[in-house]
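This briefing walks through selected contacts in one protein chain, grouped by topic for reading beside the coordinates.

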Amino acid sequence: MRLKDTGFTAEQIKEKVNKYMIETYERFDFLAETAKDMYMYDEEGTPYLDFYAGIAVNSAGNCNEKVVAAIKDQAEDIIHTFNYPYTIPQALLAEKICTAIGMDKIFFQNSGTEANEAMIKMARKYGVEKYGPEKYNIVTAKMSFHGRTFGSMSATGQPDNACQVGFGGMTPGFTYADYNDLDSFKAAVNDNTIGIMIEPVQGEGGVHPATQEFMTGLRKLCDEKGILLLLDEVQTGWCRTGAIMSYMNYGIKPDIVSMAKAMGGGMPIGAICATKEVSKAFSMGSHGTTYGGHPVACAASLAQVTELLERDLAGNAKEMGAYFMEQLATLPHIKEVRGQGLLVGVEFKDGINGVGVKHKCFDKKLLITAIGSDVIRMVPPLILTKEDVDKAVAIIKESIEEIA
C-alpha cells in the first residue's frame, strides 16, 4: 500500500500508530513504503541502505522477484487450509529443506520463537517417554536469546533482560551454563538433563560465535550422555554464516535444529528439523498449529531457499563477511569486530555508545541495529557487494567520529 493511495500524510500514519498500537519498539522515524534488493525507501523515495534486512530475514534481497512471484501465484490458488489436506508447497518445501541440510523430518511453525517452543517440547517429550517423568531438563547458555513465548524466554539465559522481567516465575526445567565453556556445560548436566540447547552464534548476546572446540565438545558430550543437541538457528540459518546452516561450519549435526527468519524471504514461517528417531516424540495430537505450513508462506519459502542455494549466497556471505569485518577493524574506537559470515558485531571502546552510532547511521540513511550500550549488529541481505560494504563502513566511520 502506497501513502498516495490512502489520503493521509506520513505524519498522520505515525500518529495512528502512536494512538492505537501498543508500542514495545524503538521506532526509526521514517515511513517504510517500498523496498528492493539492498535498499528500503520512504514515501518520498529516499533510499536507506539496509544492513538489518528485517533482522536477518530478507537474505535474498528485499522483495526478491522470485519470492514475490511465488506469493502472488500461490495466493491465486489457495491462501490457507488447515493441515488435514496435503498441499503442494508444503510437500516440496519439506523435501527441499530436509535434503539440503541432511535432516530426516520437519515440522512447520510460524516464527522463530514458536520453532524453539516446538524444539523444547519435542526434546522434553522424547526424554520423558524414553527415560521417565523427570528427564526433561535442558541446559542453555548464559546470555542466550531464544524468543519471547514462555518456554523460549525461560530458555533464554538473561534473567535481567526486559524480555523476562515482570512476568513472574519462568517455566521450570532450564539450567544455564557459560557460553563457549565446555566444562561449565559438563558441570550443568545432571541425571535429569535431556538436552543442551545453544545458538551457534549468540546474536542478541552480543554476536559471539561458538568455538570449534566448544561445538565439537558439546556434540561429544551429548553422545556420551545419551542426550540431545538442540541448535537454535533462527538467526544463523539459511546461508547467513557462510554455510547453509551454521552447524555445517563446525562439521557436526544436531538432533533437532530450529529455523525461521531467512527461510521465508519476508513471510512469517519457522520450522524444526529432527532425526527420524527423535521426531517420533511428536505423535497424533501432541503438537499442532493452525497456520504452520501455510501454503503462501511455504511457496515463498520454497522460492527463497531455492534462491539462496542456487545463487550460492552462503559463499557470498563468507566472502563479503570476511571483507566487511576486515574493513570494520580499521575504524577508530573499535574494541573488537566479531561474527560469522554476514552476522557481524562491532564492540566499541572509549565510551562510544552503540545506540548513538545506530542513530547517527540512520541520519545518514544506513539501517543497523544496536545491542546494549556498546555493540552494533549488522545482518544485511546476502546479495551484498564490496561497494555496499564500502559505503556502509564510510557511514559508520563518520558516525563514530561525530560521536567521539
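This is a predicted model: local features need pLDDT of at least 70, side-chain atom pairs count only at pLDDT 80 or more; totals for chains, interfaces and linings use all residues.

A charge is said to sit over a ring if NZ of Lys or CZ of Arg is within 6 Å of the ring centre and within 35 degrees of the ring normal. By that criterion, Lys386 lies over the face of Tyr323, at 4.9 Å from the ring centre.

**Charges over rings**

- Besides the placement of Lys386 over Tyr323, the charged end of Lys135 sits over the ring of Tyr131, at 5.3 Å from the ring centre.

**Strand pairing around strand 3**

- Strand 2 (residues 39–41) and strand 3 (residues 47–50) run antiparallel and are joined by three bridges, and within this pairing Tyr39 has Leu49 of strand 3 as its bridge partner.
- The hairpin made by strand 2 and strand 3 has five residues between the strands, and in this hairpin Gly45 takes a positive phi near 85°.
- Strand 3 is also joined by two bridges to strand 15 (residues 366–367), with the two strands running parallel, and here the partner of Asp50 is Leu367 in strand 15.

**Aromatic pairs**

- Across the whole structure, the search finds 11 aromatic pairs, one of which is the stacked pair of Tyr48 and Phe362, with 5.7 Å from centre to centre and 20° between the planes.
- Because Tyr48 belongs to strand 3 and Phe362 to helix 12 (residues 354–363), this pair ties together parts of the chain that are 314 residues apart in sequence; both Tyr48 and Phe362 are buried.
- Tyr179 and Phe214 form an edge-to-face pair, with 5.5 Å from centre to centre and 65° between the planes.
- This second pair links distant parts of the chain, 35 residues apart, since Tyr179 is placed in the loop between strand 6 (174–177) and helix 7 (182–188), and Phe214 in helix 8 (residues 212–225).
- Tyr179 is buried at a relative accessible area of 14%, and Phe214 likewise counts as buried, at 2% relative accessibility.
- Ring pairs also join Phe28, Phe30, Tyr48, Tyr52 and Phe362 into a cluster, so that Tyr48 and Phe362, the stacked pair described above, are both members of this cluster.

**Salt bridges**

- Side chains of opposite charge can pair when their charged atoms come close, and the search of the whole structure finds 20 salt bridges.
- In one of these, the side chains of Glu336 and Arg338 meet with an N to O distance of 2.7 Å; Glu336 counts as partly exposed at 38% relative accessibility, whereas Arg338 counts as buried at 7%.
- Glu336 and Arg338 also belong to a network of salt bridges that links Lys335, Glu336, Arg338 and Glu347.
- Glu402 takes part in a salt bridge with Lys360, in which the closest N and O atoms are 3.4 Å apart, and this pair links helix 12, which holds Lys360, with helix 13 (residues 386–403), which holds Glu402, across 42 residues.
- Glu402 forms a salt bridge with Lys364 as well, here with the closest N and O atoms 2.6 Å apart; because Glu402 lies in helix 13 and Lys364 in the loop between helix 12 and strand 15, the pair ties together parts that are 38 residues apart in sequence.

**Two buried loop residues**

- Glu33 lies in the loop between helix 1 (10–20) and strand 1 (34–36), and although buried it has no salt bridge, the nearest side chain of opposite charge being Arg2, at 4.8 Å.
- Thr87 is found in the loop between helix 3 (65–77) and helix 4 (88–101), and it is buried, with a relative accessible area of 12%.
- Leaving aside neighbours within four places in sequence, Thr87 is in contact with Thr81 and Pro295; the C-alpha atoms of Thr87 and Pro295 are separated by 6.9 Å, although these residues are 208 residues apart along the chain.

Technical notes
Residues are numbered from 1 along each chain as its sequence is written. Side-chain values use heavy atoms; hydrogens and water are left out. Helices (H or I, at least four residues) and strands (E, at least two) are DSSP runs, numbered from the N terminus. Buried means under 20% relative accessible area, exposed over 50%, partly exposed in between (1.4 Å probe, protein chains only). Lys and Arg count as positive and Asp and Glu as negative; His and the chain ends are not counted. A salt bridge is a side-chain nitrogen of Lys or Arg within 4 Å of a carboxyl oxygen of Asp or Glu. Two strands pair if DSSP finds at least two bridges between them. Rings of Phe, Tyr and Trp (its six-membered ring) pair if their centres lie within 6.5 Å; planes under 30 degrees apart count as stacked, over 60 as edge-to-face and the rest as tilted. Contact means heavy atoms within 4.5 Å.
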